[in-house]
Amino acid sequence: AGYDADMVIWDDQENWTASHQEVMHRNGVSPYVGSSLTGRIEQTFVRGSLVWDRSAGIIGQAQGKLLAR
């Protein structure tokens, strides 16, 4: 209790086919492109604030920082 929450809203019934436009990989290559998948993230919350919505994309300013590899 008293801690911020990071969570996603997940639709476990949605069937969809992955495309380059929908799979968000930094390098632009994914083994999932063209695959039929079940389940899809609808919204993402970081520290209790909505930061991504499937229909709207990224919401507000980016949070966090890039970690060097």
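Before I turn to particular residues, a word on terms: when I say strand, I mean a DSSP run of E of at least two residues, and such runs are numbered from the N terminus. Please also keep in mind that what you see here is a predicted model.

Let me begin with Asp-12, whose place is in strand 1. Leaving aside residues up to four places away in sequence, Asp-12 touches Thr-38 and Gly-39, while its side chain makes a polar contact, at 3.2 Å, with the side chain of Gln-13. Between the C-alpha atoms of Asp-12 and Gln-61, which lie 49 residues apart along the chain, the separation is 28 Å.

Strand 1, covering residues 7–17, also holds Trp-10, which counts as partly exposed because its relative accessibility is 49%. Together with Val-8 and Ile-41, Trp-10 forms a nonpolar patch on the surface, and the three share about 270 Å² of accessible area.

Now to the pairing of the strands. Strand 1 runs antiparallel to strand 2, residues 36–46, and the two are joined by 8 bridges; Met-7, for instance, has Phe-45 in strand 2 as its bridge partner. Strand 2 in turn pairs with strand 3, residues 49–53, again in the antiparallel sense, over 4 bridges, and here Gln-43 stands opposite Asp-53 in strand 3. The hairpin made by strand 2 and strand 3 has 2 residues between the strands, and in that hairpin Arg-47 takes a positive phi near 55°.

Key:
Residues are numbered from 1 along each chain as its sequence is written. This is a predicted model: local features need pLDDT of at least 70, side-chain atom pairs count only at pLDDT 80 or more; totals for chains, interfaces and linings use all residues. Side-chain values use heavy atoms; hydrogens and water are left out. Patches are made of residues with over 30% relative accessible area and no salt bridge: like charges are joined within 9 Å, nonpolar side chains (Val, Leu, Ile, Met, Phe, Trp, Tyr) within 5 Å. Accessible areas come from the Shrake-Rupley method with a 1.4 Å probe; for residues, only the protein chains shown count as cover. A salt bridge is a side-chain nitrogen of Lys or Arg within 4 Å of a carboxyl oxygen of Asp or Glu. Buried means under 20% relative accessible area, exposed over 50%, partly exposed in between (1.4 Å probe, protein chains only). Contact means heavy atoms within 4.5 Å. A polar contact is a pair of N or O atoms within 3.5 Å; within protein, one must be able to donate a hydrogen and the other to accept it, and residues adjacent in sequence count only if both atoms are side-chain atoms. Two strands pair if DSSP finds at least two bridges between them.
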